[in-house]
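Trainee: I have a model open and want to learn how to read it. Where do we start?

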Amino acid sequence: MSIRGSAHRPLPFILALLFCTVSGCRKPVPAPVTLTFLNAWWLQPDELPRTEREFREFTRETGIAIQHPPIPETLFSSLEPLGQVDLLRRVLQEGDPSPDVLGIDVIWPGILAEHLIDLRSDFATELSSQDSQLVSSYTVHGRVVAVPYHTHVAVLAYRTDLLRQYGYIHPPQTSDELESMAARIQAGERAKGRKDFWGYVWQGAATEGLTCNALEWQVAEGGGRIIEDDETISVNNPAAIRAWQRAARWIGWISPPGVVAYQETDSLNVWDSGNAAFRRSWEWGYRLTHPHESPVRDRTGYTSMPGGRGGRVGTLGGYGLAVSRSSAHLREAIALIRFLIASELQSKADLSHPEPAAEPQLYELPQILQAYAPSPQLSHRSSRLVSRPSNVTGYAYEDVTRAYFRTVHSVLTGERSAPVAAAALEKQLVAITGFKTGPPKTWK
């Protein structure tokens, strides 16, 4: 181009040409992607460093940033998942802006499914290595709407030192053994002047926690799952009634009268104060191998929940990772889930971490926890998992579980007899779901 020709060019053109010559006309570098990760579970303080480290590693490997907004603390004051799902549903219904990756409770897939993408094909390999019942808990009408992440299982915490002192060589395997051991240890400790000592603490408040406890009681007794997978309402039967009556007898005997108002933190506080021999607890692999700080940490053991004629049963809990349909970064969101799942699976096989100084005693743990915390006493007596009837009831689960835990609570407080309460609950569940009634299914 000649100087004469360039004199007739507009100045902006000349400046643009000069910029292209110097810079090579590079395209603008796109802004890095930032994913919003919204999890609805409470992280213990000692778990935070691990989570933050995983997020930093993912960003370093991929260049994808993670925004992790906190859930309002009020939602965790009661650890009540029904309040949390209401928040998530409102956020997802608004659509824009929407979180990209969500941590959802195992009982939420049927409620949130329409807002989540199907992850089955993206995680076929990962899902094939998971427990089939666990995967089915996150499956709605054939769509896997979340990938299992932190799987919580109900277990019985016990005081190893007290069992030894009172001559027991293993923790209770049946509800009858739990009662006799709790009563004897409680009487012995109170004779030493510990008037606030109790044999067994659990969660009896009228919340989702009571649904979990009572479901274990009645399934272990052979009383069914409240609503079976074939949409049969099975709650009104002699075995379920016996299970509720047994729990009601505990109150004021081996469990404190105030247990009917206990939530998870309440039972934990009694336990940490050293004033209980047994406690119904939620645990997952990381928590078993990295126990939280507690005055009784070095005197704690864990085992499967005691059972009855229906066997030993632990309620399935925990969280899965899901992707919002409204996410603007689906590919990156799937990459984050794959990274977190791989990290979780690696933690099962990672033997580089030394055992903690105060390793808890593990005895006949549920099978699903064996990969994390092998128990040399594993046997056929370890418990099976039972899922709450959330997927079979879908949106109706919130009404179903409220009807159930309020009914059981009325039996525990003596407001109603168990037979009257069970008959009334059956009618209520028919009205809520439209399902038929029938006998409980027998587990094989």
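This is a predicted model: local features need pLDDT of at least 70, side-chain atom pairs count only at pLDDT 80 or more; totals for chains, interfaces and linings use all residues.

Trainee: How are the side chains of Arg280 and Glu216 joined?

Mentor: The general idea comes first. Side chains of opposite charge can pair when their charged atoms come close. Here Arg280 and Glu216 form a salt bridge, at 2.6 Å from N to O. This pair connects distant parts of the chain. Arg280 sits in strand S9 (residues 276-283), Glu216 in helix H10 (residues 208-220), and 64 residues separate them.

Trainee: How many salt bridges does the structure hold?

Mentor: There are 17. Take Glu364 and Arg312, whose side chains meet at 2.7 Å, N to O. That pair also links distant parts of the chain, 52 residues apart. Glu364 lies in the loop between strand S12 (361-363) and strand S13 (384-386). Arg312 lies in the loop between strand S10 (300-304) and strand S11 (313-323).

Trainee: Are Glu364 and Arg312 buried or exposed?

Mentor: Use the cut-off: buried means under 20% relative accessible area. Glu364 has 1%, so Glu364 is buried. Arg312 has 7%, so Arg312 is buried too.

Trainee: Which residue forms a salt bridge with Asp161?

Mentor: Arg159 does, with the closest N and O atoms 2.9 Å apart. Both Asp161 and Arg159 are buried. Salt bridges can also join into a network, as they do for Asp176, Glu179 and Arg246.

Trainee: Back to H10. How many of its 13 residues are buried?

Mentor: 12 of them, so H10 is mostly covered. The buried residues include Leu210, Cys212, Leu215, Trp217 and Val219. Glu216, the salt-bridge partner of Arg280, is also among the buried residues of H10.

Trainee: Now helix H17. Which of its residues are buried?

Mentor: Ala418, Ala421, Ala422, Leu425, Glu426, Leu429 and Thr433. They cover an arc of only 140 degrees around the axis, which puts them on the same side of H17.

Trainee: Why do residues three or four places apart point the same way?

Mentor: An α-helix has 3.6 residues a turn, so such residues point the same way. In H17, the face turned away from the buried side carries exposed Lys427 and Ala431.

Trainee: Last, strand S1. In which sense does it run with strand S2?

Mentor: Parallel. S1 joins S2 (residues 65-67) through 3 bridges. Thr36 stands opposite Gln67 in S2. S1 also pairs with strand S3 (residues 101-105) in the parallel sense, over 3 bridges. There, Phe37 stands opposite Val101.

Trainee: How many residues of S1 are buried?

Mentor: 5 of its 6, so S1 (residues 34-39) is mostly covered.

Terms used. Residues are numbered from 1 along each chain as its sequence is written. Side-chain values use heavy atoms; hydrogens and water are left out. Buried means under 20% relative accessible area, exposed over 50%, partly exposed in between (1.4 Å probe, protein chains only). Helices (H or I, at least four residues) and strands (E, at least two) are DSSP runs, numbered from the N terminus. Two strands pair if DSSP finds at least two bridges between them. The arc is that of the directions from the helix axis to the C-beta atoms. A salt bridge is a side-chain nitrogen of Lys or Arg within 4 Å of a carboxyl oxygen of Asp or Glu.
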